[in-house]
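Subject: Structure handover

Hello,

Here is the structure for you to look through. Please open it beside this email and follow along.

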Amino acid sequence: MDHRAKRVAIVGAGTSGLAACKHLLAPYARRFGVDECVRFRSKVVTAEYVGAEPEDAADGWERWAGNGEAFGDGTGVWRLTVRQHGVETQVHEFDFLILCIGRFGGVPNIPAFPANGGPEAFRGRVLHSMELSDMADADAAALVKGKRVAVVGASKTAFEIAAECAEANGAGRPCTMAGAGAASRLLAALLAPLAWAISAATGAYYRREIPMREHGMVPGHGFARSISSCLVSMLPDGFYDRVKEGSVVLARSRAFSFCADGLVLDGGGGERQRVVPADVVVLDTGFRGDQKLRDMFASPRVKDIIIAGATDTAVALYRECVHPRIAQMAVVGYAEGLNNMYSCEMASKWVARLLDGVFRLPGVRRMEESCAEWGRYYARRSGGGGVGQSSWRPCIGAVNLWYNDELCRDMGCDPRRKKKRQGLLAEWFQPYGAVDYADIL
């Protein structure tokens, strides 16, 4: 292997990108002038892997990149086409590519609508939450002021938009929040008795503390599925106070479409459709993180294999970082956690150790088996993407500790972080957090 200095490209400057930079570059920034390498106001247009072997040689790998090492045999490079300041285009070559482009942005997820029931049927304005977030504060405020606003979705962003509209317009022009209900196939009988009891007790507590039942917004899935699928949202302060005063109207719906005057909500279960009059409709319907990742690559082969699974939206990544059939590349930040900065930190530590040659990756078949096992877990815990349910999503929220244990074993670190410093009782009974892994550099 060529032992010259290696060039590593980190694409993205969000949570995962900053975490990767911290662990790969921070120790060298002042000493080697790494700050000069940062390219602001730049966008990677395409990424293309160029190697000595044919592109389909990866189909016959026994080990990742041929030998299980980060840089393979040293003959391949990633060629990035970068547009700077929106005009100038340059081409750069790197020995390793780290994609930290995230899943929640870039390519909005726009639902399919029945014939004559899409946004074109609506006389008002329809925009995705991404467009609203990109507006200047004054422009966004002017858009919703004095308007009948309907927000479709039930994520943290949807709650925040509804609260801001309520503050701007009050009960005279209430904001309607249409959330799609979903019934879970995750039966309590499939859970271990203790886990089920904890989930049931926690769910009961939140149903008592938050007036969901009063407003018909009790979710069709339990607390366990919410954690396992990273479906937990933080409500803005005083949100249900706004519901009580009438400045926010909650409307549960399994499906929606458009008409000339606003939204047509379908509650399902034999309920009649209802029309919600609106001037502005904001779609908080998520993002196509899979498409965003696909669009990075020039190669049709890489575009095809990066996404796997029956839903065609799942990225199969070993340790949620490395694709078994794509050499010299890692993805950080694609899998969610309940604390994404914490998750990205651990993944970045793992990638940094891989680049340092601390460990080699196992055989490709074993990596693919691991990816398949995680896929089955995600499908089972998130409801499986069945009728009335969203497709499964990579979330390590409920198994974060087990995931960190796997990363620690790969890196040659003891996964029992508390035992030596705080004793066996702390190891057994105290919760783990980011501080327990802070000494892994």
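Start with the largest nonpolar core of this predicted model. It has 43 residues. Which of them touch the most other members? They are W64, F96, V322, W350, V351 and L361.

Several elements each supply at least two residues of this core: α1 (15-24), β5 (96-99), α11 (340-355), α12 (364-381) and α13 (400-411). The largest share comes from α11, with eight residues. In soluble globular proteins, nonpolar side chains tend to be buried together.

Now pick out V351. Leave aside residues up to four places away in sequence. V351 then touches F96, I98, C321, A330 and V332.

Another core lies apart from the largest one.

Next, go to helix α4, residues 137-144. Which of its residues are buried? A140, L143 and V144 are. Look down the axis of α4: the buried residues fall within an arc of 85°, so they line one face of the helix. A138 and A142 are on the other side of α4, and they are exposed.

What covers the buried residues of α4? The cover includes three strands, β6 (125-128), β7 (149-152) and β13 (280-283). It also includes the helices α3 (129-134) and α5 (156-169).

Last, see what comes after α4. G146 follows the helix. The phi of G146 is positive, near 70°.

Best wishes

Key
Residues are numbered from 1 along each chain as its sequence is written. This is a predicted model: local features need pLDDT of at least 70, side-chain atom pairs count only at pLDDT 80 or more; totals for chains, interfaces and linings use all residues. Side-chain values use heavy atoms; hydrogens and water are left out. A nonpolar core is a set of buried Ala, Val, Leu, Ile, Met, Phe, Trp, Tyr and Cys residues joined through side-chain atoms within 4.5 Å. Buried means under 20% relative accessible area, exposed over 50%, partly exposed in between (1.4 Å probe, protein chains only). Helices (H or I, at least four residues) and strands (E, at least two) are DSSP runs, numbered from the N terminus. Contact means heavy atoms within 4.5 Å. The arc is that of the directions from the helix axis to the C-beta atoms.
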